[in-house]
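Reader: I'd like to go through this one with you in pieces. Please take my questions as they come.

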Amino acid sequence: MAVITSPGEEYKPNLDLGNHHTPLIFNPSVLNLQYNIPIQFIWPDEDKPSIDVPELDVPLIDLGNFLSDIDSTSSSSLSSSVLEATSLISTACNKHGFFLVVNHGVSEALISDAHDYMSRFFDLPLPEKQRVLRKPGESCGYASSFTSRFYTKLPWKETFSFPFSDSKNRSKTVQDYFCDTLGHGFEPFGKVYQEYCEAMSSLSLKVMELLGLSLGVRPDYFRDFFEENDSIMRLNYYPPCQKPDLTLGTGPHCDPTSLTILHQDHVNGLQVFVENQWQSIPPNPKAFVVNIGDTFMALSNKRYKSCLHRAVVNSESERKSLAFFLCPKKDRVVKPPRELLDSITPRRYPDFTWSVFLEFTQKHYRADMNTLQAFSDWLTTNASKT
Ligand SMILES: O=C(O)CCC(=O)C(=O)O
């Protein structure tokens with residue numbers, strides 16, 4: 001069975017990629033000028049992208065009032081802005097699971113620093129980045145298509161992922177990760193991303209309150225569930241490509257995680273598969289794109305959708321995005337609250353922990369639109385064997 005190292009990337013070990021038995025090197029400054037892109041980057045016809053797709057109807061949720069009113073979810077009568085936000089969120093999450101948030105309280109300077117340090121990281125010479133190479137079966141480190149790990153449908157990108165823990169008793173900070181893997185010179189990188197991840201974690205907990213309200217669940221239920229989260233932060237770099245109609249930056253996948261908070265730079269690229277067609281979410285520097293992942297789909301007992309999405313590339317501009325993947329504390333048991341169960345709505349998925357689901361996506365199954373169902377079937381089959 002194919003093994004996946006991250007959403008949308010197929011991993012088959014020990015296969016030689018080069019036409020002449022030399023491994024393929026993902027060197028953006030060479031590849032971005034090539035008109036004959038290596039065959040491994042050419043996707044099958046059914047996956048080939050179209051740049052010219054309609055724009056997705058995605059609601060813009062203004063969090064300003066909600067964040068400034070500390071009692072916004074505890075009073076018996078919710079303010080009209082909270083009611084409006086939960087209604088928009090409910091409609092979007094029943095349909096495709098994507099919405100935008102503005103007036104989110106994250107400082108522009110921090111977002112700008114996070115983009116700036118992302119450029120500095122990807123501008124490093126390849127051997128420097130390789131010092132923090134992601135190993136097969138792991139979710140963190142630097143990854144691109146330069147190794148011989150990948151076989152076909154290579155994504156046109158480089159990524160760098162690292163862990164973030166919101167636990168008071170965490171053993172390592174993001175700063176420690178950068179210093180341990182890349183050296184003390186990288187402390188400023190770690191400092192910026194520790195701060196950025198903390199901002200993303202607290203924004204996700206606020207979004208969890210709104211998701212709870214929108215589902216008719218007490219607002220602290222999901223918020224408490226994600227306290228002390230063990231999350232993942234990913235930096236995505238997509239170089240220009242002279243054949244953008246043949247390849248993909250990130251292949252079609254659903255996020256196995258719980259909630260994704262994405263910040264795109266000014267270049268178009270994100271597309272979501274809704275109503276049988278790919279639709280784009282254009283960049284908005286003032287907004288974060290939020291989407292439901294498979295684990296939240298399970299927590300909501302399949303009320304809310306985790307939707308297929310991908311990133312396309314283009315021939316003129318490089319593109320970057322910052323993705324924070326909210327995940328529960330590793331040993332938390334994922335099960336929907338009782339408010340979402342009744343005699344006509346049975347449990348859709350068995351209990352599981354995030355650590356087992358994560359391992360399943362890394363070692364046994366590619367992240368696609370069927371990942372959660374395949375995991376659920378696998379759990380049920382294995383449970384019945386024991
Ligand atoms: O870069 C983007 O717009 C999407 C990235 C994404 O889907 C991912 O990192 O899983």
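Reader: Which residue in β7 stands opposite serine 165?
Author: Serine 165 has aspartate 230 of β7 opposite it. Please keep in mind that this is a predicted model, in which local features need pLDDT of at least 70 and side-chain atom pairs count only at pLDDT 80 or more, while totals for chains, interfaces and linings use all residues. Residues are numbered from 1 along each chain as its sequence is written.

Reader: And how many bridges do β6 and β7 pair over?
Author: β6 and β7 pair over eight bridges, in the antiparallel sense. Two strands pair if DSSP finds at least two bridges between them, and helices (H or I, at least four residues) and strands (E, at least two) are DSSP runs numbered from the N terminus.

Reader: What joins β5 to β6?
Author: Strand β5, residues 141–143, is joined to β6 by three bridges, and the two run antiparallel. One of the residue pairs is tyrosine 142 with phenylalanine 160, its bridge partner in β6.

Reader: Is β6 mostly covered or exposed?
Author: Strand β6 (residues 158–165) is mostly covered, with six of its eight residues buried; a residue is buried if 20 or more other C-beta atoms, placed from the backbone, lie within 10 Å of its own, exposed if 12 or fewer, and partly exposed in between. For the chain, 44% of the 386 residues count as buried.

Reader: Changing topic: in what order do the strands of the open sheet run?
Author: Four strands form that open sheet in the order β8-β13-β10-β11, with antiparallel pairing. Its edge strands, each pairing on one side only, are β8 (250–253) and β11 (277–280). Inside the sheet, three bridges join β10 (residues 270–274) to β13 (residues 309–311), and glutamine 271 stands opposite arginine 310 in β13.

Reader: Which residues come nearest the ligand?
Author: Of the 13 residues around the ligand, Asn236, Leu270, Ala311, Ser321 and Ala323 come nearest, where a residue is near a molecule if its C-beta atom, placed from the backbone, lies within 6 Å of it. Two or more residues of the shell come from each of β7 (230–238), β9 (259–264), β13 and β14 (319–326). The shell divides into five nonpolar, six polar and two charged residues (Ala, Val, Leu, Ile, Met, Phe, Trp, Tyr, Cys and Pro count as nonpolar, Asp, Glu, Lys and Arg as charged, and the others, Gly among them, as polar).

Reader: Now the helices: at what angle do α3 and α7 cross?
Author: The axes of α3 (residues 80–95) and α7 (residues 187–214) cross at roughly 80° and come within 9 Å; axes are lines fitted to C-alpha atoms, for helices over the stretch in contact, and angles run from 0 to 180 degrees between N-to-C directions. The two helices are therefore roughly perpendicular to each other, since angles of 65 to 115 degrees count as such, under 35 as roughly parallel, over 145 as roughly antiparallel and the rest as oblique.

Reader: Which residues meet there?
Author: Val82, Ala85, Thr86, Ile89 and Ser90 in α3 meet Leu210, Leu211, Leu213 and Ser214 in α7, with contact taken as C-beta atoms, placed from the backbone, lying within 7 Å. That contact divides into six nonpolar, three polar and no charged residues.

Reader: Last one, where does lysine 302 lie?
Author: Lysine 302 is found in the loop between α9 (294–299) and β13, and has a positive phi of about 70° although it is not a glycine. Lysine 302 counts as partly exposed because 17 other C-beta atoms lie within 10 Å.

Methods:
Two residues are in contact if their C-beta atoms, placed from the backbone, lie within 7 Å.
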